[in-house]
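Please look through the sequence and the model below before reading the notes.

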Amino acid sequence: MIRINDILDQIHSYMPDADTTMVEKAYVYSAKVHAGQKRLSGEPYLSHPLAVAFILAQQRLDLASITAGLLHDSVEDTLATMEELEDMFGKDVARIVDGVTKISQIEFQSKIQKQAENIRKMILAMSKDIRVLLVKLADRLHNMRTLQYQKEYKRIKIARETLDIYAPLASRLGIDWMKRELEDLAFSFLYPEEYNELKQEVETRLGERKAYVEEVKEIISKKMAEFSLSCRVLGRPKHIYSIFRKMRRQNVTIDEIYDLIAFRIILKSVTECYEALGIIHSLWKPVPGRFKDYISLPKANMYQSLHTTVIGPYGERMEIQIRTEEMDKTASEGIAAHWLYKEGRIISKDQARQFDWLKRLMEWQKELEDPREFLESVRMDLFPDEVYALTPNGEIKEFPVGATPIDFAYAIHTEVGHHCAGAKVNGKMVPLKYQLQNGDVVQIITSKHHVPSRDWLKIAKTSKARARIRQWIKTEERGKSLALGKDLCSREFKKHRINFNDFIKTDAEKVASGLSFKTVDDMLIAVGYGKISPLQVVKRYLKIKHEEGVDLKDTDIVDIQSRPKTRKTSKEGILIHGHDDIMIHLAKCCMPVPGDEVVGYITRGRGVTIHRENCPNIAALEPDRKVEVAWTTDKDVNYPVKLNVITADQKGMLAAVSNAISAAEANILEANVVTTPDQSAHFTFVAEVRDSAHLKKVFSGIKQVGGVMRVSRQTSR
Ligand code: MN
């Protein structure tokens with residue numbers, strides 16, 4: 001158990017002249033109000049505030065923070081009041097205790113939404129005085145250290161919360177040691193078996209590698225000495241949770257994690273750091289994409305260091321951090337080390353920069369509506385780099401952040417891109433929209449039958465891949481248009497009793513150049529795209545023949561007489577040879593029936609769609625793809641049409657309207673009721689009619705039903 005003298009000694013170690021009267025007074029007060037209370041461990045309750053205050057003193061915080069640490073549970077758990085605290089210890093201390101009490105009262109929920117909202121509240125509390133958060137973190141740390149005494153369900157809840165909220169906050173404040181300790185503690189309570197097993201394994205391996213660690217440290221020290229750089233070299237094992245996370249994320253075993261130990265070189269100046277980096281890179285081969293310069297671009301939490309990963313003396317990956325003593329101190333203690341106990345002094349420009357991260361946090365939480373987004377941004381890497389990924393042969397490819405396996409495939413070869421069917425990243429299948437990460441080993445799986453789709457344009461990030469995909473789609477559409485154009489022409493020629501195949505062999509070129517096309521294919525594609533009509537081709541052909549003195553018997557030249565296909569008359573619609581998907585079909589949005597004014601639209605690869613001329617959807621279509629179409633009459637065919645009927649809200653309306661439709665000799669396919677809050681009923685019917693005249697008859701039949709207020713034809717967007 002921590003004693004008050006431990007705390008006072010700790011304070012005097014960094015503030016030799018400090019007047020600790022207030023701290024001592026807080027100790028006496030806390031002992032009095034918590035008297036008789038016990039922790040679950042059986043220890044007197046006072047041991048907890050003492051431990052919290054000691055953690056704060058270890059962080060070299062100011063006297064107000066340490067005093068608040070001693071008092072942090074007094075208002076919540078005892079009869080003490082805020083007014084009393086303010087009277088005895090001043091506004092500062094009272095405010096910190098108040099903030100901590102408020103945070104402790106927040107009920108955290110397991111749902112991510114609630115978590116984020118609570119983090120917001122915490123950040124808000126923190127923004128008034130960052131010491132609130134520091135005391136709360138110290139409180140949480142001691143509770144985590146003694147969590148084994150809690151009941152199991154509480155252990156899980158508190159550990160989860162620590163992992164999701166407090167460890168990231170410690171990280172944001174740059175208090176690296178606390179983040180690691182919180183994570184490892186939380187991990188040990190959430191997954192005790194995995195934790196113990198992993199801990200054991202790591203210890204065994206570290207034991208085995210002790211000689212190796214010493215050897216690497218020796219090599220580095222010697223090399224630095226050769227260049228007259230004096231330095232400290234540390235070899236520190238990574239914390240258990242970070243190893244666990246890496247194993248999970250990469251789905252690898254502990255033997256596949258080479259950088260269990262992070263080496264650190266600590267030097268005197270920034271210049272020396274870069275010098276040392278050069279020496280390391282000449283000594284061992286750097287792994288591409290793993291170098292990070294946090295000296296010139298510090299992290300939001302003030303962290304500064306050079307990071308690199310190299311291939312070490314035995315061909316294994318080693319992570320090396322290079323920094324100055326000052327940076328090392330910031331890295332372990334966070335901004336508190338610089339700022340808090342200098343409180344009251346004038347803040348220099350350099351120190352003002354330390355507030356930037358806080359401002360940024362505040363701005364984020366104001367801007368973002370979705371709490372999940374907020375969590376994301378808190379975890380976000382502020383300095384995104386390029387992404388480097390490797391082929392299975394170790395070839396390195398560079399991509400912009402967000403690049404996907406499709407980009408990777410096109411970076412290898414256009415054909416690999418075109419037939420990319422899937423990808424394995426680090427040996428595991430990933431979706432095509434997977435975002436490549438630094439160091440990913442990517443294997444592209446191709447299939448002859450797999451071809452690009454328009455969706456790929458949304459996934460691909462690099463301009464190279466996008467250009468290749470567009471090119472492919474264009475070629476593909478050309479092919480389909482050619483087939484469609486050929487078929488349209490051949491039908492048109494047949495209608496005029498001219499042999500189309502003979503035409504292609506003999507006069508097609510003449511006709512094409514007469515219509516200012518370079519090739520016959522270009523002309524047929526233009527027909528397929530709807531830029532010219534097949535009739536124009538026939539007319540031009542007849543004209544040429546006429547000029548040659550050959551008069552072909554052609555009685556009735558009329559526009560395309562293409563009759564829409566329905567389920568019942570599939571043989572009569574335009575069906576393209578060998579392409580079932582290219583045909584004429586009626587638009588579902590406006591459901592045209594014979595007699596309606598209609599217009600055809602040549603879709604990309606899906607044949608011709610027939611819309612009513614007043615359909616709102618055709619305005620958005622490309623004008624040069626529109627084709628003229630006309631109905632042929634065929635009394636045997638029925639066409640579906642959708643009707644909206646609004647009636648008074650009275651009994652029997654559905655039956656009455658249905659009867660009217662049947663009486664008009666129309667078949668009802670569907671009937672639906674939508675009741676509306678006003679005094680009306682809303683029905684929709686799908687009925688089958690022969691043509692627009694028949695539809696009129698149905699309309700007037702419905703209108704004669706008493707209670708019907710409105711009948712209209714439905715067009716959907
Ligand atoms: Mn507490």
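The notes below go through a metal site, a helix pair, aromatic rings and charges over rings.

This is a predicted model, in which local features need pLDDT of at least 70 and side-chain atom pairs count only at pLDDT 80 or more, while totals for chains, interfaces and linings use all residues. Residues are numbered from 1 along each chain as its sequence is written, and side-chain values use heavy atoms, with hydrogens and water left out.

**Metal site**

- The manganese ion has the protein donors H48 (NE2), H72 (NE2), D73 (OD) and D139 (OD), at 2.1 to 2.3 Å from the ion.
- Donors here are N, O and S atoms within 2.8 Å of the metal (3.2 Å for Na, K and Ca); water is not among the atoms, so sites may look incomplete.
- Along the sequence, the donor residues follow the spacing H-x23-H-D-x65-D.
- D73 is in the loop between helix 4 (63-71) and helix 5 (74-77), and D139 is in helix 8 (residues 130-145), so this pair ties together parts that are 66 residues apart in sequence.
- Helices are DSSP runs (H or I, at least four residues), numbered from the N terminus.
- D73 counts as buried at 6% relative accessibility, and D139 counts as buried at 3%.
- Buried means under 20% relative accessible area, exposed means over 50%, and partly exposed is in between (1.4 Å probe, protein chains only).

**Helix 1 and helix 4**

- Two packed helices are described by the angle between their axes and the distance between the axes.
- The axes of helix 1 (residues 4-14) and helix 4 come within 12 Å and cross at roughly 170°.
- Axes are lines fitted to C-alpha atoms, for helices over the stretch in contact, and angles run from 0 to 180 degrees between N-to-C directions.
- Helix 1 and helix 4 are therefore roughly antiparallel to each other, a label for angles over 145 degrees.
- The crossing of helix 1 and helix 4 is right-handed, meaning that the near helix is turned clockwise from the far one by less than a right angle.
- Helix 4 is mostly covered, with 9 of its 9 residues buried.
- A64 lies in helix 4 and is buried, with a relative accessible area of 9%.
- The C-alpha atoms of A64 and V93 are 5.5 Å apart in space, and the two residues are 29 apart in sequence.

**Aromatic rings**

- Rings of Phe, Tyr and Trp (its six-membered ring) pair if their centres lie within 6.5 Å; planes under 30 degrees apart count as stacked, over 60 as edge-to-face and the rest as tilted.
- By this rule there are 16 aromatic pairs.
- The ring centres of Y191 and F244 are 5.8 Å apart and the planes are at 35°, so the pair is tilted.
- Y191 is in the loop between helix 10 (176-190) and helix 11 (192-226), and F244 is in helix 12 (residues 240-250), so the pair ties together parts that are 53 residues apart in sequence.
- Y191 is partly exposed at 26% relative accessibility, whereas F244 is buried at 10%.
- Ring pairs join F187, Y191, Y195, Y241 and F244 in a cluster.

**Charges over rings**

- A charge sits over a ring if NZ of Lys or CZ of Arg is within 6 Å of the ring centre and within 35 degrees of the ring normal.
- R248 has its charged end over the ring of Y191, 5.6 Å from the ring centre.
- K531 lies over the face of Y529, 5.2 Å from the ring centre.
- K531 is in the loop between helix 25 (520-529) and helix 26 (534-547) and is exposed, with a relative accessible area of 52%.

Key
Helix = DSSP H or I, 4+ residues; strand = E, 2+ residues; numbered from the N terminus. Parallel < 35°, antiparallel > 145°, perpendicular 65-115°, else oblique.
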